[in-house]
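Please keep the sequence and the structure in view while reading.

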Amino acid sequence: EPESKFLFMSWFTFTDANSANPNEQHWFTAQGSYTGDTADLLVYETLDGRFDDLQAVSTEAVGSATLSFSGCSNGQFDYTIDSWELQGSFPLQRAIPGTENVCQERAGLSSEPLEPNEGRDGAWYDPDSPGQGFLIDAHPGNEFIFAAWFTYGEGTASGQRWLTAQGPLEGSTADLVLYETLGGSFDKPDPSETNAVGTMTIDFTDCSNAKLEYSITDEGLSGMIDIERAIPGTEALCEELTQ
């Protein structure tokens with residue numbers, strides 16, 4: 001959110017191989033202010049939630065991080081997780097080639113016109129179920145959208161769970177395949193396994209609201225969630241592009 005110099009991110013990872021419960025899904029969130037190409041963030045851990053449920057959660061700061069960008073497609077993440085007594089750093093690059101369009105256009109590095117759906121990127125959530133939500137990244141040029149869902153499950157010690165979804169974007173509607181990635185280790189190149197577990201449909205009703213429908217086939221889980229922007233003001237680009 002450039003106007004307020006505020007940055008929010010979610011970090012999808014796993015527990016450390018040497019922890020009491022190794023190689024389980026885990027996620028953190030981080031937020032804070034930024035100046036230029038660098039953001040100084042507090043890292044938070046949110047626990048005690050339930051999958052697509054209104055149950056109250058607890059959120060505590062567990063560390064700090066610095067996120068710095070060397071360009072529109074590359075960056076560096078330096079972290080300290082105090083509660084785990086871990087610190088380190090790793091390079092970052094875009095997960096989806098082409099999603100640097102907004103960055104390049106705003107930096108004056110590209111004259112290619114932006115498309116309306118590019119304004120739908122960002123963090124979304126259900127206000128009735130705080131402590132869980134979605135990160136959405138749309139790439140209209142290839143009619144492709146990616147979503148990451150940070151939520152909860154009953155199969156891990158922390159109760160945390162995360163899933164990803166991807167597929168075609170047609171206008172304001174996306175029909176996606178839902179995936180789960182298991183077996184990795186915190187900040188290590190250990191192999192993980194990704195399998196399709198269901199489907200997801202996202203229907204954007206406007207720049208600030210969407211309806212999301214999901215089905216996790218083998219677990220018999222399905223439902224519909226009304227989601228909205230997690231950070232007020234991040235709808236500005238979308239509204240600009242749809243004028």
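## Disulfides

The torsion about the S-S bond of C72 and C103 is about -75 degrees, so this disulfide is left-handed. The pair links distant parts of the chain, with C72 in the loop between β4 (58–69) and β5 (74–81) and C103 in helix α1 (residues 101–106), 31 residues apart. The model is a predicted one, in which local features need pLDDT of at least 70 and side-chain atom pairs count only at pLDDT 80 or more, while totals for chains, interfaces and linings use all residues. Residues are numbered from 1 along each chain as its sequence is written, and side-chain values use heavy atoms, with hydrogens and water left out.

A disulfide is a covalent bond between the sulfur atoms of two cysteines. With a disulfide taken as a pair of cysteine sulfur atoms within 2.5 Å, the count comes to two, and the pairing of the bonded cysteines, numbered in sequence order, is 1-2, 3-4. The two links are set out below.

| Disulfide | Sulfur–sulfur distance |
|---|---|
| C72 and C103 | 2.1 Å |
| C207 and C238 | 2.1 Å |

The link of C207 and C238 is left-handed, with -75 degrees about the S-S bond. C207 lies in the loop between β12 (193–204) and β13 (209–216) and C238 in helix α2 (residues 236–241), so the pair ties together parts that are 31 residues apart in sequence. Helices (H or I, at least four residues) and strands (E, at least two) are DSSP runs, numbered from the N terminus.

Accessibility is described with a 1.4 Å probe on protein chains only, where buried means under 20% relative accessible area, exposed over 50%, and partly exposed in between. C72 counts as buried because its relative accessibility is 13%, whereas C103, at 29%, counts as partly exposed. Both C207 and C238 are buried.

## Strands

A closed barrel of eight strands runs β7-β8-β9-β10-β11-β12-β13-β14, with antiparallel pairing. The twist averages 30 degrees from one strand to the next, where axes are lines fitted to C-alpha atoms, for helices over the stretch in contact, and angles run from 0 to 180 degrees between N-to-C directions. Two strands pair if DSSP finds at least two bridges between them; strand β10 (residues 160–170) and strand β11 (residues 173–182), which run antiparallel, are joined by five. L169 stands opposite A174 in β11.

Strand β10 also holds Q166, which counts as partly exposed at 33% relative accessibility. Between Q166 and I145 the C-alpha to C-alpha distance is 5.6 Å, although they are 21 residues apart in sequence.

## Cavity and pocket

On a 1 Å grid over the protein atoms alone, a cavity is a set of points where a 1.4 Å probe fits but cannot get out, and a pocket is an open set with protein on both sides within 12 Å along at least five of seven lines; lining residues have an atom within 4 Å of a point. Grid points are joined across faces, edges and corners, and a volume is the space filled by probe spheres set on the points.

A search of the whole structure finds one cavity of 30 Å³ or more. The largest cavity holds about 60 Å³ of space, and its lining residues include D52, Y125, D126 and W149.

The second largest pocket has a volume of about 310 Å³. Of the 19 residues that line this pocket, F8, T29, Q31, G131 and F150 are the closest to its centre. At least two lining residues of the second largest pocket come from each of β1 (6–14), β2 (25–35), β3 (38–47), β7 (122–125) and β8 (133–139).
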